[in-house]
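Subject: A structure to look at

Dear colleague,

I am passing on the structure below, together with some notes on what turned up in it. Please keep it open beside you while you read.

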Amino acid sequence: MHQYSLYYLLAVNALTFLLYGIDKYKAKKSQWRISEATLMMMAVIGGSVGAWTGMQLWHHKTKHRKFRYGIPLILLLQIVMIIFLHIYPL
């Protein structure tokens with residue numbers, strides 16, 4: 001994997017993980033929340049590991065079907081894409 005791609009994935013997953021934690025904190029404090037669209041989009045752009053980890057650690061969005069099934073599906077698709085690109089590089 002290209003070095004910059006690895007840095008990108010580390011950064012986007014760390015940011016996504018933090019966003020899930022911040023949103024859980026804000027939910028407990030009845031404060032302004034991070035939109036579900038933003039949380040989902042962060043997973044789509046490469047932060048699916050951070051999203052899944054944040055969901056598990058903070059028990060956040062685990063009852064929402066689109067997150068409970070969507071995040072693992074996005075993660076699976078991203079893993080398949082990485083394997084495919086590794087076997088058949090562009």
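His-59 lies in the loop between helix 2 (36–58) and helix 3, where helices are DSSP runs of H or I with at least four residues, strands are runs of E with at least two, and both are numbered from the N terminus. This is a predicted model, in which local features need pLDDT of at least 70 and side-chain atom pairs count only at pLDDT 80 or more, while totals for chains, interfaces and linings use all residues. Residues are numbered from 1 along each chain as its sequence is written, and side-chain values use heavy atoms, with hydrogens and water left out.

Most residues other than glycine have a negative phi. His-59 counts as exposed because its relative accessibility is 58%; here buried means under 20% relative accessible area, exposed means over 50%, and partly exposed is in between, with a 1.4 Å probe and protein chains only. Lys-61 lies in the loop between helix 2 and helix 3 and has a positive phi as well, near 65°, but Lys-61 is buried, with a relative accessible area of 9%.

Leaving aside neighbours within four places in sequence, Asp-23 is in contact (heavy atoms within 4.5 Å) with Arg-33, Ile-34, Leu-39, His-60 and Lys-61. Asp-23 has 0% relative accessibility and so counts as buried.

Which residues touch the most other members of the largest nonpolar core? Of its 13 residues, they are Tyr-20, Leu-39, Phe-67 and Ile-71, a nonpolar core being a set of buried Ala, Val, Leu, Ile, Met, Phe, Trp, Tyr and Cys residues joined through side-chain atoms within 4.5 Å. Helix 1, helix 2 and helix 3 each supply at least two residues of this core, and helix 2 gives the most, with six residues. In soluble globular proteins, nonpolar side chains tend to be buried together. Not counting residues up to four places away in sequence, Leu-39 touches Leu-19, Tyr-20, Asp-23, Ile-34, Lys-61 and Phe-67.

The aromatic rings come next. Rings of Phe, Tyr and Trp (its six-membered ring) pair if their centres lie within 6.5 Å, and planes under 30 degrees apart count as stacked, over 60 as edge-to-face and the rest as tilted; by this rule the count comes to three aromatic pairs. One of them is the edge-to-face pair of Tyr-20 and Phe-67, with 6.4 Å centre to centre and 80° between the planes. Because Tyr-20 lies in helix 1 and Phe-67 in helix 3, this pair ties together parts that are 47 residues apart in sequence. Tyr-20 counts as buried at 0% relative accessibility, and Phe-67 is buried with a relative accessible area of 0%. Phe-84 and Tyr-88 form a tilted pair, 5.1 Å centre to centre with 50° between the planes; Phe-84 is partly exposed at 47%, whereas Tyr-88 counts as exposed at 52%.

Lastly, Trp-52 is found in helix 2 and is partly exposed, with a relative accessible area of 39%. Not counting residues up to four places away in sequence, Trp-52 touches Ile-71 and Pro-72.

With best wishes
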